[in-house]
Amino acid sequence: MSSESRAPQYEMVNVRAGHVVIEHDVRSRAVRSWFSAEPVAPVEEYWEGRRLWRHWGAAQSFQFDVRDTASGEVIPFRELLGLMWYGCCREDSPVRRIGELAQEQRVSIYVAITYETADGEPTQLPREKAAVLNRLFNDRVRDRSKKILILPDLFGLYREMSYGQIMIDFGLTAIDEGG
Amino acid sequence: MMLQELAQKLDLKLVTAPFDREVGGVYISDMVSDVIANAKAGDLLVTVQIHSNVIAAANLLDLCGIVVTQDKQPGDDVIRLAEKAEIPIYSTALNRWQMATRLYEAGIR
């Protein structure tokens, strides 16, 4: 194991605890999620134009910003729902298979899952922000032969994932579940 | 203190292959989001969670290992993933509070 100390370029700031709220439109079946900083996740259904959004679930989570320690610039990450580790993806999925190969080279792949638009359309983390996240987490790693690689959702995981696969506290009460 | 030495002192049962690393501190939590927001590289995570997302968080933050309390046993798939990520998992019959006091008595601050 090789380790060396270097000042991190980025730090996590403005950490806000809250909930990922997941809801679906009763008519179109569109699903969307958003972050609520309320102490208790809202569960009421409501109309928004022609859509009736109904509560589907919630998970404890947090939001944060990232500060450049040199310039002081604060970069918000409000679009980030959570990270999905390759090991939590289906065994026959491309990200799992790529992740297995990468892990043999001591590169751990995570996919950044973002909140949907107001219409429930998928979004992607911009490449520049993915680069910031990569630096943020890699700067913390003590073993320099190990790497974290956070990718935007180039795999279309939003189409097939369940919220339980993301690193948020979905189904926290079900602590007896393994894997 | 190295993790294997600490595990011997506290009679922790190794669940994965051994990966010995220096223990930088301890973080006790059952919430993945809390761990990501607050744990530090090198920390030993004490938790009752055995979901693969705990391994994901430990790996992301470069934690030195995981102690699962109250005799919880992770599944074989979780153990395999932990070994690939070189995250050692130990188990103990103690609860988190008892584990915290033992860690303190062992000199971990």
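User: Which strands form the three-stranded open sheet of chain A, and in what order?

Analyst: In this predicted model, the order of that sheet is β6-β7-β8 of chain A, and the pairing is mixed. Its edge strands are β6 (80-85) and β8 (147-152) of chain A, each of which pairs on one side only. From one strand to the next, the twist averages 30°.

User: Which way do β7(A) and β8(A) run relative to each other, parallel or antiparallel?

Analyst: They run parallel: six bridges join β7 (residues 107-114) of chain A to β8(A).

User: How many bridges join β6(A) to β7(A), and in which direction do the two strands run?

Analyst: Five bridges join β6(A) to β7(A), and the two run antiparallel. Here Leu83(A) stands opposite Ala112(A) in β7(A).

User: How should I read the side chains of a strand, and is β6(A) enclosed or open?

Analyst: The general idea is that side chains in a regular strand alternate between the two faces of the sheet. As for β6(A), six of its six residues are buried, so this strand is largely enclosed by the rest of the structure. A residue counts as buried here when 20 or more other C-beta atoms lie within 10 Å of its own.

User: Which residues touch the most other members of the largest nonpolar core?

Analyst: The general background is that in soluble globular proteins nonpolar side chains tend to be buried together. In this model, the largest nonpolar core has 70 residues, of which Met84(A), Val111(A), Ala112(A) and Ala57(B) touch the most other members. The largest share of this core, seven residues, comes from α3(B).

User: What is Val111(A) in contact with, leaving aside its neighbours within four places in sequence?

Analyst: On that basis, Val111(A) is in contact with Leu83(A), Met84(A), Val95(A), Leu151(A), Asp153(A), Phe155(A) and Leu157(A).

User: How many residues does each chain give to the contact between chain A and chain B?

Analyst: The size of an interface is often given as the accessible area lost when the parts come together. Here the account is by residues: the contact takes 28 from chain B and 25 from chain A. On the side of chain B that touches chain A, the elements that give two or more residues are α2 (32-38), α3 (52-61) and α4 of chain B. The largest share of that side, eight residues, comes from α3(B). By class, the side of chain B that touches chain A has 16 nonpolar, eight polar and four charged residues.

User: What confidence does the predictor give the complex?

Analyst: The predictor gives the complex an ipTM of 0.93 and a pTM of 0.89. For chain B, the mean pLDDT is 96, and 100% of its residues reach 70 or more.

User: How should I read phi, and what is its value at Asn14(A)?

Analyst: Most residues other than glycine have a negative phi. Asn14(A) has a positive phi of about 50° although it is not a glycine. This residue lies in strand β1 (residues 10-25) of chain A. Asn14(A) is exposed, with 12 other C-beta atoms within 10 Å.

User: Where is Gln70(B) found, and is it buried or partly exposed?

Analyst: Gln70(B) is in the loop between β4 (65-68) and α4 (76-84) of chain B. Its phi is near 55°, a positive value in a residue other than glycine. With 14 other C-beta atoms within 10 Å, Gln70(B) is partly exposed.

User: How many residues lie between the strands in the hairpin of β1(A) and β2(A)?

Analyst: The hairpin has five residues between the strands, and Arg29(A) takes a positive phi near 70° there. Six bridges join β1(A) to β2 (residues 31-36) of chain A, and these strands run antiparallel. One of the bridge pairs is Glu23(A) with Arg32(A) in β2(A).

User: How many helices and strands are there in chain A?

Analyst: Chain A has two helices and nine strands, and from the N terminus on its elements run β-β-β-β-β-β-α-β-α-β-β. Of its 179 residues, 30% count as buried. Among contacts in chain A between residues at least 6 apart in sequence, 68% join residues at least 24 apart.

How values were computed
Residues are numbered from 1 along each chain as its sequence is written. Chains are lettered from A and ligands numbered from 1 in the order in which they are written. This is a predicted model: local features need pLDDT of at least 70, side-chain atom pairs count only at pLDDT 80 or more; totals for chains, interfaces and linings use all residues. Helices (H or I, at least four residues) and strands (E, at least two) are DSSP runs, numbered from the N terminus. Two strands pair if DSSP finds at least two bridges between them. Axes are lines fitted to C-alpha atoms, for helices over the stretch in contact, and angles run from 0 to 180 degrees between N-to-C directions. Two residues are in contact if their C-beta atoms, placed from the backbone, lie within 7 Å. Ala, Val, Leu, Ile, Met, Phe, Trp, Tyr, Cys and Pro count as nonpolar, Asp, Glu, Lys and Arg as charged, and the others, Gly among them, as polar. pLDDT is the predictor's confidence in each residue, from 0 to 100. A nonpolar core is a set of buried Ala, Val, Leu, Ile, Met, Phe, Trp, Tyr and Cys residues joined through C-beta atoms within 7 Å.
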